[in-house]
Amino acid sequence: MNAFKAYKACVPITWSPNLYITLVRGIPGTRRLHRRTLEALCLGKCNRTVLRSNTPSIRGMLQQVKRLVVIETEEMYKARKEKDANQRALRPPLVIRHLPVSASNSS
């Protein structure tokens, strides 16, 4: 599940002590107030994630830029990272053994 789809899982963020905030939309073309809010959250590039404590001031900042970011709780973030790690894990190589063709079969 990518970060944008994680937004669809409506978990109440007021219960979580920490919030993982990921910037999923680009900064160009946004309002100056939104750019300054993202700068205050230390989000400079797309797909960057920061950890912030769940305070009313942070939630107010997130309310301003809610269309640009995805907010995840700690459990959602860890589940997403674990799934990504499992997909990127090394797999054993695929070995295909061909039987040698005898000369009598080709004639």
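Reply: The model is predicted, so local features need pLDDT of at least 70 and side-chain atom pairs pLDDT 80 or more, while totals for chains, interfaces and linings use all residues. Residues are numbered from 1 along each chain as its sequence is written, and side-chain values use heavy atoms, without hydrogens and water.

Me: What makes S1 and S2 a pair of strands?

Reply: Strands are DSSP runs of E with at least two residues, helices are runs of H or I with at least four, and both are numbered from the N terminus. Two strands pair if DSSP finds at least two bridges between them. S1 and S2 have 5 bridges in the antiparallel sense, and the partner of Leu19 in S2 is Arg52. S1 and S3, also antiparallel, are joined by 4 bridges, with Val70 in S3 as the partner of Thr22.

Me: Why are S2 and S3 called edge strands?

Reply: The open sheet of 3 strands has the order S2-S1-S3. Strand S2 (49-53) and S3 each pair on one side only. Neighbouring strands are turned by 30° against each other on average, direction ignored. Helix H3 lies across S1, S2 and S3 and runs at about 25° to S1; such angles run from 0 to 180 degrees between N-to-C directions, with axes fitted to C-alpha atoms, for helices over the stretch in contact.

Me: Why is Ser16 called buried?

Reply: Buried means under 20% relative accessible area, exposed over 50%, and partly exposed in between, with a 1.4 Å probe and protein chains only. Ser16 has 9%, so the residue counts as buried. Ser16 is found in the loop between helix H1 (3-6) and S1. Leaving aside neighbours within four places in sequence, its contacts (heavy atoms within 4.5 Å) are Asn54, Thr73 and Glu74. Between Ser16 and Asn54 the C-alpha distance is 6.9 Å, although they are 38 residues apart in sequence.

Me: How do you know that the buried residues of H2 line one face of the helix?

Reply: In helix H2 (residues 32-40), His34, Thr37 and Leu38 are buried. The arc is taken from the directions from the helix axis to the C-beta atoms. These residues fall within an arc of 100°, so they line one face. The face turned away carries the exposed residues Arg32, Leu33, Arg36 and Glu39. What covers the buried residues includes S1, H3 and S3.

Me: What makes a set of residues a nonpolar core?

Reply: The set must consist of buried Ala, Val, Leu, Ile, Met, Phe, Trp, Tyr and Cys residues joined through side-chain atoms within 4.5 Å. The largest such core has 14 residues, and Ile21, Leu23, Leu38, Leu41, Leu43, Leu62 and Val69 touch the most other members. Strand S1 (18-23), helix H3 (56-64) and strand S3 (69-72) each supply at least two residues, and the largest share, 3 residues, comes from S1.

Me: Why is the pair of Tyr20 and Tyr77 called stacked?

Reply: Rings of Phe, Tyr and Trp (its six-membered ring) pair if their centres lie within 6.5 Å; planes under 30 degrees apart count as stacked, over 60 as edge-to-face, and the rest as tilted. The structure holds 1 aromatic pair. The centres of Tyr20 and Tyr77 are 4.0 Å apart and their planes are at 5°, so the pair is stacked. Tyr20 lies in strand S1 and Tyr77 in helix H4 (residues 74-88), so the pair ties together parts 57 residues apart in sequence.
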